[in-house]
Amino acid sequence: MSTPYTWQKSSFSGGGEGNACVELASTAAALHLRESDDPGVVLSTTPAPVDHLLRAIRTGTVTAPRRR
């Protein structure tokens with residue numbers, strides 16, 4: 001799948017063989033994430049849920065998902 005997005009590689013990605021990483025692209029209305037080893041699968045979301053997740057990670061309030 002080819003997309004017009006400008007992808008940025010995670011700063012935590014190292015070099016070398018098997019270098020899989022998370023890549024991020026943004027548009028005016030959404031954030032797009034993909035894994036470099038499977039670029040055809042793209043997760044798109046709005047900035048609010050990502051902001052919520054990052055705040056929870058920073059404050060240590062991330063909880064396990066509820067089981068159904």
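Modeller: A helix here is a DSSP run of H or I with at least four residues, and helices are numbered from the N terminus. The model is a predicted one.

Biologist: Is Arg55 buried or exposed?

Modeller: Arg55 has a relative accessible area of 52%, so it is exposed, the cut-off being over 50%. Asp51 is at 35%, and therefore counts as partly exposed.

Biologist: How many salt bridges are there by this rule?

Modeller: The count is 2. Glu23 and Arg34 also form a salt bridge, their closest N and O atoms lying 2.6 Å apart. That pair links distant parts of the chain, 11 residues apart: Glu23 is in strand β2 (residues 22–26) and Arg34 in strand β3 (residues 31–35).

Biologist: Are Glu23 and Arg34 buried or exposed?

Modeller: Both Glu23 and Arg34 are buried.

Biologist: Changing topic, how much space lies in the largest pocket?

Modeller: The largest pocket holds about 250 Å³ of space. Glu23 is one of its lining residues, and others include Lys9, Leu33 and Ile57.

Biologist: Which element supplies the largest share of that lining?

Modeller: Helix α1 does, with 4 residues. At least two lining residues come from each of β1 (8–9), β2 and α1.

Biologist: How many of the lining residues are nonpolar, polar and charged?

Modeller: The lining of the largest pocket has 7 nonpolar, 2 polar and 2 charged residues.

Key. Residues numbered from 1 in each chain as written. Predicted model: local features only at pLDDT ≥ 70, side-chain atom pairs only at ≥ 80, totals over all residues. Heavy atoms only, no water. Salt bridge = Lys/Arg side-chain N within 4 Å of Asp/Glu carboxyl O. Buried < 20%, exposed > 50% of the residue type's maximum accessible area, 1.4 Å probe, protein only. 1 Å grid on protein atoms, 1.4 Å probe; cavity = no way out; pocket = protein on both sides within 12 Å on 5 of 7 lines; lining within 4 Å. Points joined across faces, edges and corners; volume = space filled by probe spheres on them. Nonpolar A, V, L, I, M, F, W, Y, C, P; charged D, E, K, R; others polar.
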